[in-house]
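Here are a few exercises to work through with the model open beside you. Try each task before you read its solution.

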Amino acid sequence: DDADAGGGEAAAREARAQEASLLVLFADCAEAPFGIHQIVLEGAAQGTPAGRWLGPTSIAQVLGRLNARAVAAPPPPPPEAAALDAAAAAAPALRLELSVHVAMDGSVYRSEVEAAAGTGDGGGWRPLLLLVPLRLGLDRLNEEYVPSLRALLGMPQSVGMIGGRPRRSYYFLGCQGERVLYLDPHEVQPALRRDEPQLASCHFAQPPRAMPLREIDPSLALGFLCPTAAAFDDLCARCADAFAGSLPAFSIATAPPDFSRLSGGEEEGEGGDDDDGVVL
């Protein structure tokens, strides 16, 4: 029994250490690769000034660029926190090895996903976070998409969905019947410092809230985590099954269309003067 208790305590310390190393990446300081400072700066670089709303599409692109920089940069130093026990304070620096691919225009292309995961040059598959920003309606959600959204949120690869309702942003976890479960990220919490990560402040004490899925804003972004190539293949198969009986939320194809073959240029050895007046 003492051995089991000791093993449980060691596992708990290791879990806290890993969590502390992860939270360093999101601390409220300029050095944190995914902190609010870097998000604001990257958003401004994309044309959204500080203080303006970053919609699901914009934040997905921001996260993709921040992740690319974080992967290329050396790992941050480990946290030094008096509030953590010795094992957590001595946690090794976390080396980020996650790929992020943002599938724009509602189209997921296998060739682009494989390139983002590092398989294009023959390398192994790196764990991939696939972000799919969408607009499923004009002023309100087109209810024809509800069945496919419900199926997507229930897939094992799903990490949820960002979106909300007019003038409110939420993080959606999943569905329960016709209602979607969500967390409100605007609840006030202490600032997350690098030198003293407050683990408790990063956990919601209240259960998720719920709202009708049909009431969410049409602008949203879905997230899927594919740790292996097999997981991505399984996601594609599940999406095909889900979309067969409802209006597809997005499309999946092997590669983007090659419009150069339609140009009619003589350099490809096809077309000619008769094609000059064709507008594609």
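## Exercise 1: aromatic pairs

A search of the whole structure turns up seven aromatic pairs. The model is predicted, with local features needing pLDDT of at least 70, side-chain atom pairs counting only at pLDDT 80 or more, and totals for chains, interfaces and linings using all residues. Residues are numbered from 1 along each chain as its sequence is written, and side-chain values use heavy atoms, with hydrogens and water left out.

Task: classify the pair of Phe 26 and Phe 34, then the pair of Phe 243 and Phe 250.

Solution. Start with the rule: a pair of aromatic rings is described by the distance of the centres and the angle of the planes. Rings of Phe, Tyr and Trp (its six-membered ring) pair if their centres lie within 6.5 Å; planes under 30 degrees apart are stacked, over 60 edge-to-face, and the rest tilted.

- Phe 26 and Phe 34 lie 5.5 Å apart, centre to centre, with 25° between the planes, and the pair is stacked.
- Phe 243 and Phe 250 lie 5.2 Å apart, centre to centre, with 90° between the planes, and this pair is edge-to-face.

Finally, which residues do ring pairs link into a cluster? They are Tyr 170, Phe 172 and Tyr 182.

## Exercise 2: a nonpolar patch

Task: find the members of the nonpolar patch on the surface and the strands that supply them.

Solution. Like charges are joined within 9 Å, and nonpolar side chains (Val, Leu, Ile, Met, Phe, Trp, Tyr) within 5 Å.

1. The members are Val 159, Ile 162, Tyr 171, Leu 173 and Leu 225, with about 340 Å² of accessible area together (Shrake-Rupley method, 1.4 Å probe; for residues, only the protein chains shown count as cover).
2. Strands E4 (158–165) and E5 (168–176) each supply at least two of the patch residues; strands (E, at least two residues) are DSSP runs numbered from the N terminus.
3. Tyr 171 is found in strand E5. With a relative accessible area of 31%, Tyr 171 is partly exposed.

Key:
Patches are made of residues with over 30% relative accessible area and no salt bridge: like charges are joined within 9 Å, nonpolar side chains (Val, Leu, Ile, Met, Phe, Trp, Tyr) within 5 Å. A salt bridge is a side-chain nitrogen of Lys or Arg within 4 Å of a carboxyl oxygen of Asp or Glu. Helices (H or I, at least four residues) and strands (E, at least two) are DSSP runs, numbered from the N terminus. Buried means under 20% relative accessible area, exposed over 50%, partly exposed in between (1.4 Å probe, protein chains only).
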